[in-house]
Amino acid sequence: MWGALLRRGVRGGGGLRCLSSGGPPWSQVVSEAEKIVGYPTSFMSLRCLLSDELSNIAMQVRKLVGTKHPLLDTARGFVYDSRNNLQMRGLVVLLISKAAGPSTAELSFQHDMVSGIYSSQRSLAEITELIHTAFLVHRGIVNIGELKSCDGPLKDMQFGNKMAVLSGDFLLANACTSLAQLQNTKVVELISSAIGDLVQGIYYENSKSSEENCLTDDIGISRWKEQVFLRHSALLAKSCQAAMELAKHSAEIQDMAFQYGKHMSMSHKLHSDLQPFVKETSNDTMAFSLNSAPAILHQEFRGREAWLKQIREAQGKGNIVDYKKLQEAIKAGKGVTSAIDLCRCHGNRALAALERFPPSEARDALANIVCAVTRFP
């Protein structure tokens, strides 16, 4: 039913519709969704972030000011991140919890609901955000052997690495403690497996990027999707499923929640990868990953050797890549249009999963999130 809705661009009546162009911006979509779940999710993990332990870590991180340690960028992202708009994952968990409502097996526990969401589901949303944040912090570790003098003093960079490890461990430990307090074995298994997926995905990413002269992976789009699921989609998909388990919903509803989380986050990743190729507001060429979806699809159409030849032709002195030249090469091919089609395909599958949920403001908000990440200029 919704397979063509992303293209038609109409909204109304009892169903859900997506606008192919125009429509509210991402920030407005999130703001309206936060009103539905009861409070701004940007403050979801405030209890942890304002704890004495983490406040002390924040004071120590200030010593890195003036260096180029990536932990500083991660810390700034806690305050505001225009691309991910703060606590997107936790917000989706809360919305899908409210969209599903209480199950017939849990009617006796409805007194524990606030704004249509169980307290355990709100705790799960916080846990999801803490795990995501912990991995962001851990990824802020730099390779000391590759540092340049302009990056900052060696002792400061080493100190930054220690802080990234310790603060990430602290957040992950808090998440695991809260997870145990939910006292649900299946939920613990789901979230634990999501953490394992994250580790596996990041390990693969780092092992490939550390290979000498490895600018781009020799993979197809199917393999790319598998890797992106591990790094970006598994946590949200399994958290959505876990939220349904906490409310004792059926296996079918749990699977639909999983499918929504998986395909929405895949669309979100594809939308992010496409920004350097579709943005029209800036004359500056944005640097982009040569393992992003448009580049991988371009490689599939052109062939591995032809793509490597284009990369070599775009490299100047010191192997500095001319991203503008590569961007034009990818735009001239089918990589960008194919990535847009793939983004909308995953969006359609996320909308199809929502059909199993009863009509509500929360379901509309979940659909609006999909529409926001499948809309292009």
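**Note on the predicted model**

1. The protein exposes about 18,200 Å², of which carbon and sulfur atoms supply 52%. Accessible areas come from the Shrake-Rupley method with a 1.4 Å probe, and for residues only the protein chains shown count as cover.

2. This is a predicted model, in which local features need pLDDT of at least 70 and side-chain atom pairs count only at pLDDT 80 or more, while totals for chains, interfaces and linings use all residues. Residues are numbered from 1 along each chain as its sequence is written, and side-chain values use heavy atoms, with hydrogens and water left out.

3. The protein has 16 helices and 2 strands. Both are DSSP runs numbered from the N terminus: helices are H or I with at least four residues, strands are E with at least two. Of the 377 residues, 49% count as buried. Buried means under 20% relative accessible area, exposed means over 50%, and partly exposed is in between (1.4 Å probe, protein chains only).

4. Among contacts with a separation of 6 or more, 77% are made by residues 24 or more positions apart. Contact means heavy atoms within 4.5 Å.

5. Two packed helices are described by the angle between their axes and the distance between the axes. Helix 6 (residues 88–100) and helix 11 (residues 251–278) pack at an angle of about 150°, with axes 12 Å apart. The axes are lines fitted to C-alpha atoms, for helices over the stretch in contact, and angles run from 0 to 180 degrees between N-to-C directions.

6. From helix 6, Met88, Val92 and Ile96 meet Ala257, Tyr260, Met264 and His268 of helix 11. The residues of this contact divide into 6 nonpolar, 1 polar and no charged. Here Ala, Val, Leu, Ile, Met, Phe, Trp, Tyr, Cys and Pro count as nonpolar, Asp, Glu, Lys and Arg as charged, and the others, Gly among them, as polar.

7. Helix 11 also holds Lys269. Lys269 counts as buried because its relative accessibility is 19%. Leaving aside neighbours within four places in sequence, Lys269 is in contact with Trp224, Val228 and His232.

8. Most residues other than glycine have a negative phi. Gln183, in the loop between helix 8 (154–181) and helix 9 (185–209), has a positive phi near 55°. Gln183 counts as exposed, since its relative accessibility is 74%.

9. Lys248 also has a positive phi, near 60°. Lys248 lies in the loop between helix 10 (221–246) and helix 11. With a relative accessible area of 40%, Lys248 is partly exposed.
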